[in-house]
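Thanks for coming. Please have the sequence and the structure open.

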Amino acid sequence: MENLIEIKNLNYKYENAFALENIGFEIKPNEKVALLGSNGSGKSTLLRILAALYFPSKGEYLFKNKKVTKKTAKNLRKKIGILFQNPDSMIFNPTVYDEIAFSLKEFDFENIDEKVEKVAEIFDIKKFLKKSPINLSGGEKQKVMLASILAYEPDVLLLDEPTTAMDPKTTGWFIDFLLELNKTVILATHDLAVAYETCERAIVLDENHTKIYDGEIEELMKNIDILIKANLIHKHKHKHKMFIHSHYHTHF
């Protein structure tokens, strides 16, 4: 099976500091990959490069064997959808209907009403279609933004810490949704539980903005050294009833 995405020796700099250094990997169609790392490791920057919002300082990004550049970025954006951590940063339409319909209109889809109704039903947000998305809860806003992305049927879904604004019930719904989704997904998170439940493969970035693991997530969960190096688990003392002890904790 051919690669859908190839990243080769990629670097990205903010002024004089590296946000990503010498990153490389391949992703095949319909893979679900967890992009793991602590805050500041470069996960969000990498997602923005994959969405053709940022461009590498050095190295190459290939999508379906074609190099992604500023000239080709416009065509790519119909094929890749990105959900940001803060849904408020994505909302700018007066109603939920308009929010979902916006990209459909931008990409010249037909039967827009029908497509909006269909995706709203899938996400159980039909009751909000005439309402302002600003007044919804964090989890409801994430559902609206997910619906607005998946309405135009991109090949790849990029998710940046998507469960941060979700309550436990919505997080459970989201996990079930991802498990049933037949699409290439790259999930950036530091939540090991969500990553483990939804993805079979993990790419791990450390605090030096380099890749330190790429493989099965099952094996990663057994590798304490990598998890510590990536600052995905920590150790501290705490009290259980009448005694104090210490063991490792994941970051949620």
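Helices here are DSSP runs of H or I with at least four residues, strands are DSSP runs of E with at least two, and both are numbered from the N terminus. On that basis the protein has nine helices and 12 strands.

Some housekeeping before the details. This is a predicted model, in which local features need pLDDT of at least 70 and side-chain atom pairs count only at pLDDT 80 or more, while totals for chains, interfaces and linings use all residues. Residues are numbered from 1 along each chain as its sequence is written, and side-chain values use heavy atoms, with hydrogens and water left out.

Overall dimensions next. Along the principal axes, the C-alpha atoms fill a box of roughly 60 × 50 × 40 Å. The radius of gyration is taken over C-alpha atoms, and the globule rule is 2.2 Å times the number of residues to the power 0.38. For 252 residues a compact globule would come out near 18 Å, and the protein has 19 Å, which agrees.

Buried means under 20% relative accessible area, exposed means over 50%, and partly exposed is in between, with a 1.4 Å probe and protein chains only. By that cut-off, 50% of the 252 residues count as buried. A contact is a pair of heavy atoms within 4.5 Å. Among contacts between residues at least 6 apart in sequence, 62% join residues at least 24 apart.

Now helix H5, residues 138–150. The expected span of a helix is 1.5 Å times one less than its number of residues. H5 has 13 residues and reaches 18 Å from its first C-alpha to its last, close to the expected 18 Å. How much of H5 is buried? The count is 11 of the 13 residues, so H5 is largely enclosed by the rest of the structure. Among the buried ones are Gly139, Gln142, Val144, Leu146 and Ile149. The buried residues of H5 pack against E6, H3, H4, strand E7 (156–160) and helix H6 (168–180).

Leaving aside neighbours within four places in sequence, Lys141 is in contact with Pro87, Asp88, Ile91, Pro133, Ile134 and Leu136. Met166 is 25 residues from Lys141 in sequence and 9.2 Å away in space, C-alpha to C-alpha.

Helix H3 is next. Its buried residues are Val96, Glu99, Ile100, Ala101, Ser103 and Leu104, and what covers them includes H4 and H5. After H3 comes Asp108, with a positive phi near 60°.

On to the pockets. On a 1 Å grid over the protein atoms alone, a pocket is an open set of points where a 1.4 Å probe fits, with protein on both sides within 12 Å along at least five of seven lines; lining residues have an atom within 4 Å of a point. Grid points are joined across faces, edges and corners, and a volume is the space filled by probe spheres set on the points.

The largest pocket has a volume of about 520 Å³. It is lined by 19 residues, and the closest to its centre are Ile82, Met90, Phe102, Ser103 and Tyr152. By class the lining is 12 nonpolar, three polar and four charged. E6, H3 and H5 each supply at least two lining residues, and H3 gives the largest share, four.

The second largest pocket holds about 260 Å³. Its lining includes Lys115, Val119, Phe123, Leu150 and Phe177. The classes are seven nonpolar, no polar and four charged. Here the largest share, four residues, comes from helix H4, residues 112–122.

Glu161 sits in the loop between E7 and H6 and is buried, at 4% relative accessible area. Beyond four places in sequence, Glu161 touches Asn39, Lys43, Gln85, Ala188, Thr189 and His190.

Val204 is in strand E9, residues 201–205, and is buried at 0% relative accessibility. Among the residues it touches, beyond four places in sequence, are Leu36, Ile212, Tyr213 and Leu232. Val204 and His190 are 14 residues apart in sequence and 9.7 Å apart in space, C-alpha to C-alpha.

Terms used:
Nonpolar A, V, L, I, M, F, W, Y, C, P; charged D, E, K, R; others polar.
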